[in-house]
Amino acid sequence: MSTLGGNRIDRATLLRGGLLALAGAIALAVVAPIAWLVVRAFDMGVGSALALLASSSTVRITVNSALLVTAVTAGSVLVGVPLAVLTARTDLPFRRFWTVVLALPLVVPSYIGAFAFVSAFGPRGTLADLLAPLGIESIPTIYGLQGTVLVLTLFVYPYVFLTTRAALLSFDTSQVEAARTLNHSYLGAFRRVVLPQIAPGIAAGALLVALYTLSDFGTPAIMHYDVFTRMIFVEYNAFGRSRAALLSVLLLGLTVAILAIESRLSPDDGNAYAGGRRGSTISLGVWKWPALAFCVLVVVLCLVVPLGVLAMWLFRGGPGYSAGGFAFQWSYGLNSVVVAALAALVATLAALPVGYLSARTNGKLAELFDRMTYFGYAAPGIVIGFALVYFGVRYLPGLYQTLPLLIFAYVVRFLPQAVGTTHSSVLHVDRSLLEAARTLGHAPLSTFRRVTLPLIAPGVVAGAALVFLTTMKELPATLLLHPSEFKTLVTYIWQVQGAGYYGAAAVPALVLVAVSGLSMLVILSQEGDDVR
């Protein structure tokens with residue numbers, strides 16, 4: 001018996017060691033492109049690097065990027081928090097409907113929203129055409145900082161809305177009622193009692209908004225607003241790869257700075273989600289109609305305008321809208337599905353050893369490897385794409401602009417989505433079930449296959465679905481790495497947008513929005529009965 005026990009221990013130890021080595025290899029593969037780019041950024045020489053860092057153009061795009069992140073984050077908080085309060089804690093009519101509809105802007109990729117707004121409100125857009133017969137020859141420009149802030153805020157505020165609403169739903173309203181008995185108004189009770197408790201939820205959403213804004217490429221490019229992502233792409237196309245590499249490192253530095261600021265400013269959330277009884281909702285009284293008007297305005301700007309513009313393009317479509325050799329082919333949609341499915345499959349397989357080890361062991365290495373997989377997620381997509389372009393051109397020209405390199409970029413970018421769901425699912429597996437399987441003579445691998453894997457399958461599938469959906473929408477990495485003759489929905493939309501054939505983008509844009517809409521099933525299913 002002791003020999004059998006020793007064999008089991010040795011087998012388990014060997015398996016754990018093998019998994020640890022595999023998880024380490026995956027983590028290093030994720031970090032390698034970023035680390036390599038940082039090292040190679042100074043190939044241009046110290047003097048040239050310092051000159052670029054101190055140049056007026058670098059200072060300008062740094063200021064522009066900081067202004068954009070600050071303005072969009074503030075705007076998202078100003079829009080998302082009131083909407084979360086209205087749908088979670090008031091007697092707003094049709095709260096379930098508004099909860100779903102106000103979260104839907106997340107399904108519209110911001111770059112699609114951007115050129116829909118340009119088409120509607122640009123100098124030669126629909127609004128300008130309607131006003132021309134009235135003698136109004138010009139309207140305020142939508143390009144620049146103001147347009148970029150408007151569009152990004154409209155399509156990323158749901159991050160703040162959803163995280164704040166989740167915090168409100170878990171908040172014990174008896175504290176508000178206690179404050180009311182002390183003669184505080186609803187506004188005073190919210191400021192003194194509720195706001196400190198839901199601050200971690202607001203901060204979590206604000207962090208997501210800030211990181212998204214800093215990494216977004218499509219919207220600033222369409223809005224003609226110079227930020228790091230746009231200038232990196234310009235330098236890359238101008239063959240200034242050393243300059244693009246250094247700008248990429250600066251962009252990574254800003255990303256790290258945002259994470260550091262958030263960690264310092266984020267309040268202690270130890271009591272933020274303590275839970276408690278729901279209590280009664282707040283009566284809006286005469287404010288019910290202004291609240292409904294606010295919800296309607298947001299929905300019109302976020303959904304009616306972009307979807308209406310896409311529908312207009314669709315119904316106006318015809319041979320003229322496919323001019324210039326930009327005829328849409330359904331094979332582009334098939335290509336998108338294929339690469340997204342392959343990326344989801346590879347990411348899921350890579351996430352299994354990392355997520356399993358981090359959930360089942362307390363070792364520092366397992367935790368380190370888990371954290372390392374998040375580097376690619378925090379890094380902007382254009383940085384990941386450029387790092388792999390740089391590496392492929394220099395050392396692996398046979399892999400440059402091939403599907404394996406493109407899929408690897410997606411995995412580096414979105415692996416944490418699969419790791420996170422796998423980790424969470426493994427934590428919920430009852431250890432007694434595993435011990436029972438072991439006492440019946442099953443080896444560790446057999447126990448995983450027969451017991452653990454079926455139990456964590458829903459979480460694994462959810463992670464794969466998230467990777468699939470985000471891959472479908474990824475723009476900068478796809479533009480930089482896709483094979484020259486391999487078009488996807490994203491590359492086609494970007495091509496016709498750049499050429500001004502907006503009508504040709506109607507069908508693929510609507511397909512992307514429809515596929516992205518599936519992600520809301522994952523998000524809203526987490527709220528269950530709370531979506532009222």
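**Entry 1: Basis**

I worked from a predicted model, in which local features need pLDDT of at least 70, side-chain atom pairs count only at pLDDT 80 or more, and totals for chains, interfaces and linings use all residues. Residues are numbered from 1 along each chain as its sequence is written, and side-chain values use heavy atoms, with hydrogens and water left out.

**Entry 2: The chain as a whole**

I looked up the secondary structure and found 24 helices and 0 strands in the protein chain. Helices (H or I, at least four residues) and strands (E, at least two) are DSSP runs, numbered from the N terminus. I then looked up burial, where buried means under 20% relative accessible area, exposed over 50%, and partly exposed in between (1.4 Å probe, protein chains only). Of the 532 residues in the protein chain, 51% are buried. For contacts (heavy atoms within 4.5 Å), I noted that 83% of those with a separation of 6 or more are between residues 24 or more positions apart.

**Entry 3: Helix H3 against H13**

I examined helix H3 (residues 56–89) and helix H13 (residues 288–316), whose axes come within 11 Å and cross at roughly 125 degrees. Axes are lines fitted to C-alpha atoms, for helices over the stretch in contact, and angles run from 0 to 180 degrees between N-to-C directions. H3 and H13 are therefore oblique to each other. Angles under 35 degrees count as roughly parallel, over 145 as roughly antiparallel, 65 to 115 as roughly perpendicular and the rest as oblique. The crossing of H3 and H13 is left-handed, a term used if the near helix is turned anticlockwise from the far one by less than a right angle, with right-handed used if clockwise.

Which residues meet between H3 and H13? On the H3 side I listed Val 79, Pro 82, Leu 83 and Leu 86, and on the H13 side Ala 291, Phe 294, Cys 295 and Val 298. By class, this contact of H3 with H13 has 8 nonpolar, no polar and no charged residues. Here Ala, Val, Leu, Ile, Met, Phe, Trp, Tyr, Cys and Pro count as nonpolar, Asp, Glu, Lys and Arg as charged, and the others, Gly among them, as polar.

**Entry 4: Helix H3 against H4**

I next took H3 with helix H4 (residues 95–103); their axes come within 9 Å and cross at roughly 150 degrees. H3 and H4 are therefore roughly antiparallel to each other, and their crossing is left-handed. In H3, Leu 83, Leu 86, Thr 87, Ala 88 and Arg 89 meet Arg 95, Trp 98, Thr 99 and Leu 102 in H4. The contact of H3 with H4 divides into 5 nonpolar, 2 polar and 2 charged residues.

**Entry 5: Aromatic pairs**

I searched the whole structure and recorded 15 aromatic pairs. Rings of Phe, Tyr and Trp (its six-membered ring) pair if their centres lie within 6.5 Å; planes under 30 degrees apart count as stacked, over 60 as edge-to-face and the rest as tilted.

The ring centres of Trp 36 and Phe 391 are 5.4 Å apart and their planes stand at 85 degrees, so the pair is edge-to-face. Trp 36 lies in helix H1 (residues 2–40) and Phe 391 in helix H17 (residues 381–395), so the pair ties together parts that are 355 residues apart in sequence. Trp 36 is buried at 15% relative accessibility, whereas Phe 391 is partly exposed at 29%.

I also looked up Phe 217 and Trp 494, a tilted pair with 5.4 Å centre to centre and 40 degrees between the planes. Phe 217 lies in the loop between helix H9 (186–215) and helix H10 (218–222) and Trp 494 in helix H22 (residues 489–499), so this pair ties together parts 277 residues apart in sequence. Phe 217 is buried at 2% relative accessibility, and Trp 494 is buried at 16%.

Finally, I noted one aromatic cluster formed by Trp 36, Tyr 236, Phe 386, Tyr 390 and Phe 391.

- Ala 49 lies in helix H2 (residues 46–54) and is buried at 1% relative accessible area.
- Thr 422 lies in helix H18 (residues 403–427) and is buried at 1% relative accessibility.
- Thr 478 is found in helix H21 (residues 476–481) and is buried at 1% relative accessibility.
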